[in-house]
Amino acid sequence: NILAIKSKCIEFVENFDNPDTHNLLFTGNTGLGKTFMSNCIAKEALEKGKTVLYQTAGKLMEIVMDYRMNRDNGGIDASQYNEIFEVDLLIIDDLGTEFNTQYTLSVLFNVLNYRIINGLSTIVTTNLSFDEIKSNYKERIYSRLIGEYKALWFCGRDIRLLKRITDEES
């Protein structure tokens with residue numbers, strides 16, 4: 001499974017500017033390499049001269065909310081906010097760990113939708129299944145994640161726990 005995922009990720013990097021390969025959705029349980037793989041893609045994209053922004057879903061919501069609510073009081077500056085919408089590759093890690101409100105759902109929709117419309121690449125990682133995404137997020141968000149992203153399912157045993165067991169046995 002991971003070799004097939006690796007192959008799709010290499011294809012993503014090699015065809016980064018191809019509009020048919022803009023977005024990836026990594027889903028699966030904790031500790032299976034989703035964040036690691038997204039960071040590998042980020043490294044390759046940076047080496048190709050692309051701009052990359054990595055944020056957890058929660059931090060992304062904080063940046064947008066802080067900018068919108070506190071921009072006149074010395075909050076997040078416009079460049080940090082605009083980067084979310086302008087970088088060549090945005091990585092949203094751990095979707096599903098952020099605190100969901102109507103406002104954060106609106107923020108997530110706007111970020112995803114803007115990037116899709118403008119042909120900008122996004123990688124989303126989550127521990128949520130499709131059913132959980134559908135129940136936790138509005139239909140509009142679910143539709144975009146399922147319809148506009150290449151979904152890659154990570155399966156197996158938690159690498160961190162396996163490493164811990166191996167270290168303890170040594």
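**Figure 1. Asp94 in a predicted model.** Asp94 is partly exposed, with a relative accessible area of 27%; here, buried means under 20% relative accessible area, exposed over 50%, and partly exposed in between, for a 1.4 Å probe and protein chains only. Asp94 belongs to strand β3; helices (H or I, at least four residues) and strands (E, at least two) are DSSP runs, numbered from the N terminus. The phi angle of Asp94 is near 65 degrees, a positive value in a residue other than glycine. Most residues other than glycine have a negative phi. The model is predicted, so local features need pLDDT of at least 70 and side-chain atom pairs count only at pLDDT 80 or more, whereas totals for chains, interfaces and linings use all residues. Residues are numbered from 1 along each chain as its sequence is written, and side-chain values use heavy atoms, with hydrogens and water left out.

**Figure 2. The largest nonpolar core and Leu145.** A nonpolar core is a set of buried Ala, Val, Leu, Ile, Met, Phe, Trp, Tyr and Cys residues joined through side-chain atoms within 4.5 Å. The largest such core has 31 residues, and those with the most contacts inside it are Ile84 and Leu145. Two or more residues are given to this core by each of α3 (57-70), α4 (78-86), β3 (89-95), α5 (102-117) and α7 (139-148). Contact means heavy atoms within 4.5 Å. Apart from its neighbours within four places in sequence, Leu145 is in contact with Leu25, Leu95, Leu112, Val124 and Ile133.

**Figure 3. The surroundings of Val124.** Val124 has its place in strand β4, which covers residues 121-126. With a relative accessible area of 1%, Val124 is buried. When residues up to four places away in sequence are not counted, Val124 touches Leu24, Leu25, Phe26, Ile92, Leu95, Leu112, Leu145 and Tyr149. For orientation, Asn100 is 24 residues from Val124 in sequence and 16 Å from Val124 in space, C-alpha to C-alpha.

**Figure 4. Glu98 between β3 and α5.** Glu98 is found in the loop that links β3 and α5, and this residue is buried, with a relative accessible area of 7%. Polar contacts are pairs of N or O atoms within 3.5 Å; within protein, one atom must be able to donate a hydrogen and the other to accept it, and residues adjacent in sequence count only if both atoms are side-chain atoms. Not counting residues up to four places away in sequence, Glu98 touches Ala57, Gly58, Met61 and Tyr137. Lys59 and Glu98 are 39 residues apart in sequence, and their C-alpha atoms are 8.1 Å apart in space.

**Figure 5. Thr104 in helix α5.** Thr104 is found in helix α5 and counts as buried at 4% relative accessibility. The side chain of Thr104 reaches the backbone oxygen of Phe99 at 3.2 Å. Beyond residues up to four places away in sequence, Thr104 touches Met61, Met65 and Phe99.

**Figure 6. Phe154 and the second core.** A second, separate core of 18 residues includes Leu24, Met37, Ile41 and Phe154. Phe154 is found in strand β5, residues 150-154, and is buried, with a relative accessible area of 4%. Asn1 is 153 residues from Phe154 along the chain, and the C-alpha atoms of the two are separated by 7.3 Å. With residues up to four places away in sequence not counted, those touched by Phe154 include Asn1, Ile2, Ile5, Phe26, Leu32, Lys34 and Met37.

**Figure 7. The second largest pocket.** On a 1 Å grid over the protein atoms alone, a pocket is an open set of points where a 1.4 Å probe fits, with protein on both sides within 12 Å along at least five of seven lines; lining residues have an atom within 4 Å of a point. The second largest pocket holds about 190 Å³ of space. Its lining is made up of 13 residues, of which Gly31, Leu32, Lys34, Thr35 and Arg160 lie nearest its centre. Two or more lining residues come from each of α2 (34-47), β3 and α8 (159-169), and the largest share, 3 residues, comes from α2.

Conventions. Points joined across faces, edges and corners; volume = space filled by probe spheres on them.
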